[in-house]
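Please consult the sequence and the structure while reading.

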Amino acid sequence: MNKLNPKKLLNSKWTATLAINKEKHFIIVEVEYDEDANVIACVTESVFSKNQYPISWRDLKDPQKWCQGWK
């Protein structure tokens, strides 16, 4: 399981284990928090095409889907 610190999630780099629209490398460009500073939602941006995709931040914990950093 990938360890996540919600405060350091913004601008972190991730690699999708399965390509999304032929894209593998992403940066978290937007993080939405609730009143208690819990993460609600994230938006990833492809490094190559600049396409943005909303994701569940909990999916980032799954090593079957995401690896932290660019691999």
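## A charge over a ring

The charged end of Lys13 is placed over the ring of Trp70, at 4.6 Å from the ring centre. A charge sits over a ring when NZ of Lys or CZ of Arg is within 6 Å of the ring centre and within 35 degrees of the ring normal.

## Basis of the model

The model is predicted: local features need pLDDT of at least 70, side-chain atom pairs count only at pLDDT 80 or more, and totals for chains, interfaces and linings use all residues. Residues are numbered from 1 along each chain as its sequence is written, and side-chain values use heavy atoms, with hydrogens and water left out.

## Aromatic pairs

Two aromatic pairs are found in a search of the whole structure. The rings of Phe26 and Tyr53 form an edge-to-face pair, because their centres are 6.0 Å apart and their planes are at 75°. Rings of Phe, Tyr and Trp (its six-membered ring) pair if their centres lie within 6.5 Å; planes under 30 degrees apart count as stacked, over 60 as edge-to-face and the rest as tilted. Phe26 belongs to strand E2 (residues 23-33) and Tyr53 to strand E4 (residues 52-55), 27 residues apart. Strands (E, at least two residues) are DSSP runs, numbered from the N terminus.

Phe26 also forms an edge-to-face pair with Trp66, with 5.5 Å from centre to centre and 80° between the planes. Trp66 lies in strand E5 (residues 66-68), so this pair ties together parts that are 40 residues apart in sequence. Buried means under 20% relative accessible area, exposed over 50%, and partly exposed in between (1.4 Å probe, protein chains only).

## Trp57 and its surroundings

Trp57 is located in the loop between E4 and E5, and its relative accessibility is 12%, so Trp57 counts as buried. Not counting residues up to four places away in sequence, Trp57 touches Leu4, Leu9, Val39, Ile40 and Cys42, where contact means heavy atoms within 4.5 Å.

## The largest nonpolar core

The largest nonpolar core has 13 residues, of which Leu9, Ile28, Cys42, Leu60 and Trp66 touch the most other members. Such a core is a set of buried Ala, Val, Leu, Ile, Met, Phe, Trp, Tyr and Cys residues joined through side-chain atoms within 4.5 Å. E2 gives the largest share of this core, three residues.

Conventions
Helices (H or I, at least four residues) and strands (E, at least two) are DSSP runs, numbered from the N terminus.
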